Amino acid sequence: MIGVVLGISAHRWKALVKEMLAFENSVVLDMDGNEIAKLGCERKNLTIPLSDIPDNLKNAYVAIEDERFYKHGGIDIKRTGGAIASYVLHFGKSSYGGSTITQQLVKNLTGDTTDSITRKVKEWWKACLIESCLSKDEILEGYFNIIYVGPNRYGIETAAHYYFDKSAKDLTLEECAFLAGLNHSPNSYNPFEDGNTEKITKRTKIVLAKMLELKYIEEAHYNTAMDNVDKGLHFKKGEMPSEDAVYSYHTDAMILEITEDIAKKYDISETFATNYINMAGLTIH
């Protein structure tokens, strides 16, 4: 019964995760070895190594998303217990919530967003498996390169270019706080849409306050950042080149077939299989 609930084996899950965190598009080659398609290139995604991510950005996300990230093994028992209690008290009408950064990584890899206890149990199990085979830094790097940050944009390096036209390594403290706060609901805090200024200011200040509370920043830096938020963040939309993702009819047919084959072979959903194909750097002949 446990195997039926959990689905994919522990060994296979760990292997798929490590392959997907390569963040490389799969390519399709013709019989002469020429590339005829790159799969997943329609996703705007600039990857960045953890070593290039400033401490303020790492700390901002940890502070607001998962303050006990460095202490838990994939599941924050305190937050999870509170989320389940809320779900029970509201007779199943409340979201579970309480997701750790590791759990969010699981969700982004699998593409499974269904609101059910079965999905949550699978997510907890997979999060614990990730923690057993990857370091905290590897988990953070994967998380930062996969999260949704705006319209068809993924990863914090992409976010930095989209919202501020700069690399993530050059972000100011208040800009780091904005990006971390954005994770709550990217489309709701898009500065290029009218009517979001007040929400952006409030959310960014919440992140800064949490960073101060957890002693990630000093009060002087906090005060300066808060003043800069009040003056207004300097958003500048940066453009990213996009590649053509229109495939020939035979490539489209091949994608459908290989997606179904991978889903069946590894006992995963077709959404998960699609993500795997787009990120694992397969060479398809």
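Reader: At what distance from the ring centre does Lys136 lie over the face of Phe69?
Author: This is a predicted model, in which local features need pLDDT of at least 70 and side-chain atom pairs count only at pLDDT 80 or more, while totals for chains, interfaces and linings use all residues. Residues are numbered from 1 along each chain as its sequence is written, and side-chain values use heavy atoms, with hydrogens and water left out. A charge sits over a ring if NZ of Lys or CZ of Arg is within 6 Å of the ring centre and within 35 degrees of the ring normal. For Lys136 over the face of Phe69, the distance from the ring centre is 4.4 Å.

Reader: Over the ring of which residue does the charged end of Lys237 sit?
Author: Ring pairs link Tyr162, Tyr163, Phe164, Phe178, Phe192 and Phe235 into a cluster. The charged end of Lys237 sits 5.0 Å from the centre of one ring, that of Phe192.

Reader: Is the pair of Phe164 and Phe235 stacked or edge-to-face?
Author: Rings of Phe, Tyr and Trp (its six-membered ring) pair if their centres lie within 6.5 Å; planes under 30 degrees apart count as stacked, over 60 as edge-to-face and the rest as tilted. The ring centres of Phe164 and Phe235 are 5.2 Å apart and the planes are at 25 degrees, so the pair is stacked.

Reader: How many residues apart are Phe164 and Phe235?
Author: Phe164 is buried at 5% relative accessibility, whereas Phe235 is partly exposed at 26% (buried means under 20% relative accessible area, exposed over 50%, partly exposed in between, with a 1.4 Å probe and protein chains only). Phe164 belongs to helix H8 (residues 156-164) and Phe235 to the loop between helix H11 (219-231) and helix H12 (249-266); helices (H or I, at least four residues) and strands (E, at least two) are DSSP runs, numbered from the N terminus. The pair thus links distant parts of the chain, with a separation of 71 residues.

Reader: What is the relative accessible area of Ile53?
Author: Ile53 is placed in the loop between strand S3 (44-45) and helix H3 (55-65). Leaving aside neighbours within four places in sequence, Ile53 is in contact (heavy atoms within 4.5 Å) with Ile48, Lys58, Phe144 and Ile156. Ile53 is buried, and its relative accessible area is 3%.

Reader: By what distance are the C-alpha atoms of Ile53 and Ser167 separated?
Author: Ile53 and Ser167 are 114 residues apart along the chain. Their C-alpha atoms are separated by 9.2 Å.
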